[in-house]
Amino acid sequence: MKLRSILCLLLAATFNIFIVKAQNNMVVLETDFGVKDGAVASMKGVITQVDNNIRIYDITHEVPAFNIWEAAFRLQQTISYWPKGTVFVVVVDPGVGSKRKAIVAQTNSGHFIVTPDNGTLTLVAEKMGIKAVREIDEKTNRLPGSENSYTFHGRDIFAYTAARLASNKITFEQVGRALPQQISAISYQKAIAESNTIKGSIPVLDVQYGNVWTNIDEPLLRQAGIKNYDPVMVQIFDKDRLVFSSSMLFVNTFSDVPEQELLCYLNSEMNFSIAINMGNFAERFKIGSGPSWKIVIKK
Amino acid sequence: MKLRSILCLLLAATFNIFIVKAQNNMVVLETDFGVKDGAVASMKGVITQVDNNIRIYDITHEVPAFNIWEAAFRLQQTISYWPKGTVFVVVVDPGVGSKRKAIVAQTNSGHFIVTPDNGTLTLVAEKMGIKAVREIDEKTNRLPGSENSYTFHGRDIFAYTAARLASNKITFEQVGRALPQQISAISYQKAIAESNTIKGSIPVLDVQYGNVWTNIDEPLLRQAGIKNYDPVMVQIFDKDRLVFSSSMLFVNTFSDVPEQELLCYLNSEMNFSIAINMGNFAERFKIGSGPSWKIVIKK
Amino acid sequence: MKLRSILCLLLAATFNIFIVKAQNNMVVLETDFGVKDGAVASMKGVITQVDNNIRIYDITHEVPAFNIWEAAFRLQQTISYWPKGTVFVVVVDPGVGSKRKAIVAQTNSGHFIVTPDNGTLTLVAEKMGIKAVREIDEKTNRLPGSENSYTFHGRDIFAYTAARLASNKITFEQVGRALPQQISAISYQKAIAESNTIKGSIPVLDVQYGNVWTNIDEPLLRQAGIKNYDPVMVQIFDKDRLVFSSSMLFVNTFSDVPEQELLCYLNSEMNFSIAINMGNFAERFKIGSGPSWKIVIKK
């Protein structure tokens, strides 16, 4: 009898461990805070205070200050590589304290994003689809004792809520009231093909190497008749100003061309990209990224 | 009988797991080493060699080289967000090899800090109070095989001792002999109010955004009669040189003023701070931080 | 009976936990990707998808772009501080897509390195010795769904294979076919003593502080008759151009000389190094590192 109850306890204990393993308990952070000061460390401390078994990872904290567009891009670029059930905290929040909503979005892919609804979900919504959105109820989901702090929601609301959700201290429903699935989106030039010409944009640079990434995907290239090892004519515009114009080979990989030569290729997201083998294309030709940068290519 | 002993084993095993969970087993690192070389990685390796269940986090490794003051500030800024029982390693150590003591301090809040006693504890001692100090006995608490290495105590002594303490391989008492609670402190201008004028200093900048943080807290502001949405006259001095002088609104949050406009507000630590909405105040007006920077404000 | 089977389950469960603990389950990453974009985060996501109990650490992601030599140095500098059984992923891969082999090397010390075989193992092979090498079979060891991605092997092949190896999803043998132990090595000037003169090279700078590290070790110094507190004549050459020439004291630690004074000492790897106490030697005298930088010292 006594034995049985000990067994039950043991079973529960063991089981509990398996439940913890079966659930995700992972939080991934993305901000424009940098890591020179204590902001990110405070967020991580708050998370471990909620549950010190949570595994904490980072996308990056080097999003350029206030650049919501790039935050949206980095989230979209990486989210699908993480397990379902992972909770993301994305805070690039120039409007902290304004009326932008603090939300948690659940994607169709089973990921959760805790964020101010200011455009950070633009690309994830397009790529994966949003299944449900909840507004964070700041009365119940706020770090105790932080009620008079207006300027660091990343720590007091977003990290705290993410930790509670990731560790199942609250359910998704307990985040707060349901909102329409419509999130705030930033408008930008989609990629389109007109006969053999493709227009698109430069959402982001491959900053470490200076490669130029576009939003033109493989099917669009095939549609315009571009095949491997074809020469491709590339024109890059900043608003209406022509910044770069040249032809280059469309190859599989960098080493398919000699060092210091131009090439175009499919990047790790399978999108059309431009580079110099062993060189920095963006720096050499002064190419930037964001809504104002457009690209036109044809065979 | 046999069953009972298996049960005991199981109970012990299960229990052990709960004990590990109940205890902290967390180490948080802060240094001026940067992350471009292998120094931080060596410290983390040593920690995992002691016990690979220790969870390792970072405050920052981008403290400006040799800047003990800023290390002290970042520690004080973040420590209270971490669970009791967390062990911090703070190494900004221009005097490595000199007679500064290697210590572990226990705060009244139940945190532990492993550090050279060179001023890094200045602000934590004021804010939380020091309960006990032990000098690290380098004969017993030194990475085996490192006896001839004089220049990397961060790895050989501080990280190693922190890991052993965090994982309960040694008790606090086993760190070494007890010292007086008096730690080495850096002197600086405290914040004071004289009738309606407040004098204080600029301990640190909010580097990522260029906001200027002061050591003037909310009660002092109220004492000088400053209320929300009051205009406040702000003067900033580097030693005796007037660097900035202007009036601005004291608001709750950045979006209370138009873009590019000056504002003052309570930062995430509830201290008086100065900023430009969507701009970089420190860069625009060439403001620095540290003991020589002073601020005078009045309504 | 029923009790017994529950017990068996419990035993297995508890045991399983101990097995997980007994094994290493640790992955350490080193790349030249930086942390501004999503590349490192994608690698970490893939690792957690394989097994979210894997503990992930970093040597650095700030290896200068394409600098295989420095990647080799940072690996060699830190590897021995990590537990046996740790799996390292080292990706500085200018030749991605070329015929360089994707391998896993097992060192005599019991560490594993997953890397393109392009020179990253040069110094580890010399220091620890290579016990066995396997070529990654990209048919079985590639992130499912990544077959058409040619440019991000760090994520699709190296991180994925490392995670599977670290979590014992595959054995070392299941990585792929055995290769000869001979890895690709970068040639460089070894340290040699001729009577009282020692020649060596500057493999790397202590970047954060500007100290200059050499490959001259303590036994070689003793062989040339250099003792503690001896003055040492130091000459530094870039190829054949003399860049620096001066005498300085060989001391134990920085504080043995006044601030701003030259010194030489044994660094944290017990190699001969040169510095200015509280200053930046490399910046002041424009010293670099790598195969072209040589040093000559004598008493």
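User: Into which domains is chain A divided?
Analyst: Keep in mind that this is a predicted model. Chain A splits into domain 1, covering 18–179, and domain 2, covering 192–298. Their C-alpha centres sit 33 Å apart.

User: How many residues does each domain of chain A bring to the contact?
Analyst: Domain 1 of chain A puts in 8 residues, and domain 2 of chain A puts in 8 residues.

User: What area do domain 1 and domain 2 of chain A bury between them?
Analyst: Here's the general idea: the size of an interface is often given as the accessible area lost when the parts come together. In this case, the two domains of chain A bury about 600 Å² between them, with 56% of it on carbon and sulfur atoms. On the domain 1 side, the largest share comes from helix α3 (residues 68–78) of chain A, with 6 residues.

User: Which classes of residue make up that side of domain 1 of chain A?
Analyst: You'll find 3 nonpolar, 2 polar and 3 charged residues there. Between the two domains of chain A, the count of salt bridges is 0, and 2 residue pairs are in polar contact.

User: Let's switch to a single residue. Is Lys44(C) buried or exposed?
Analyst: A residue counts as buried when its relative accessibility is under 20%. Lys44(C) comes in at 12%, so Lys44(C) is buried.

User: Which residues is Lys44(C) in contact with, leaving aside neighbours within four places in sequence?
Analyst: Lys44(C) touches Leu29(C), Ile56(C) and Asp58(C), along with Trp82(A) from chain A.

Notes. Residues numbered from 1 in each chain as written. Chains lettered and ligands numbered in written order. Predicted model: local features only at pLDDT ≥ 70, side-chain atom pairs only at ≥ 80, totals over all residues. Heavy atoms only, no water. Buried < 20%, exposed > 50% of the residue type's maximum accessible area, 1.4 Å probe, protein only. Contact = heavy atoms within 4.5 Å. Domains from an automatic or database assignment. Buried area = accessible area lost by both parts, 1.4 Å probe. Salt bridge = Lys/Arg side-chain N within 4 Å of Asp/Glu carboxyl O. Polar contact = N/O pair within 3.5 Å; in protein donor to acceptor, adjacent residues only side chain to side chain. Helix = DSSP H or I, 4+ residues; strand = E, 2+ residues; numbered from the N terminus. Nonpolar A, V, L, I, M, F, W, Y, C, P; charged D, E, K, R; others polar.
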